[in-house]
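Dear colleague,

I am passing on the structure below, together with notes on what turned up when it was examined. Please read the notes with the structure open beside them.

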Amino acid sequence: MRRVAQIACKECKKTEETNLVNGAGIPIPETALEKKYEQRGWSIGRNPAPDICPEWAQKEKQTMLKLVKEAEA
């Protein structure tokens with residue numbers, strides 16, 4: 001049986017899975033799993049609820065940049 005960690009986007013409900021063990025059968029630490037998702041563009045929250053997929057993370061980043069530019073103007 002394959003053991004996986006699953007992450008879900010709070011905005012669009014997109015999910016992605018990552019193996020919980022490496023090729024040698026050794027468990028992957030939680031911090032390493034978070035790093036893997038972040039390398040794939042996920043925005044990881046403090047708990048599962050605020051996780052955001054790469055597409056929505058990019059949209060939020062663009063929105064924040066727009067707000068900053070408007071505030072500077």
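**What was found**

Arg40 is partly exposed, with a relative accessible area of 39%, where buried means under 20% relative accessible area, exposed over 50%, and partly exposed in between (1.4 Å probe, protein chains only). Please bear in mind that this is a predicted model, in which local features need pLDDT of at least 70 and side-chain atom pairs count only at pLDDT 80 or more, while totals for chains, interfaces and linings use all residues. Residues are numbered from 1 along each chain as its sequence is written, and side-chain values use heavy atoms, with hydrogens and water left out.

Arg40 lies in the loop between α1 and α2 (54-72), helices here being DSSP runs of H or I with at least four residues and strands runs of E with at least two, numbered from the N terminus. Leaving aside residues up to four places away in sequence, Arg40 touches Glu16, Glu17, Thr18 and Pro54, a contact meaning heavy atoms within 4.5 Å. The C-alpha atoms of Arg40 and Gln58, which are 18 residues apart along the chain, are separated by 12 Å.

Turning to the whole chain, the protein has two helices and two strands, which follow the pattern β-β-α-α along the sequence. The C-alpha trace spans about 55 × 20 × 20 Å along its principal axes. The radius of gyration is 15 Å, whereas a compact globule of 73 residues would have one near 11 Å; the value is taken over C-alpha atoms, and the globule rule is 2.2 Å times the number of residues to the power 0.38. Of the 73 residues, 16% count as buried.

Lys13, in the loop between β1 and β2 (15-19), has a phi near 70°, a positive value in a residue other than glycine. Most residues other than glycine have a negative phi. At 57% relative accessibility, Lys13 counts as exposed.

Finally, the largest pocket holds about 290 Å³ of space. A pocket is an open set of points on a 1 Å grid over the protein atoms alone, where a 1.4 Å probe fits, with protein on both sides within 12 Å along at least five of seven lines, and lining residues have an atom within 4 Å of a point; the volume is the space filled by probe spheres set on the points, which are joined across faces, edges and corners. Of the 13 residues lining the largest pocket, Glu30, Glu34, Ile44, Pro48 and Asp51 are the closest to its centre. The elements giving two or more residues to this lining are β1 (4-8) and α1 (30-39), and α1 gives the most, with four residues.

With best wishes
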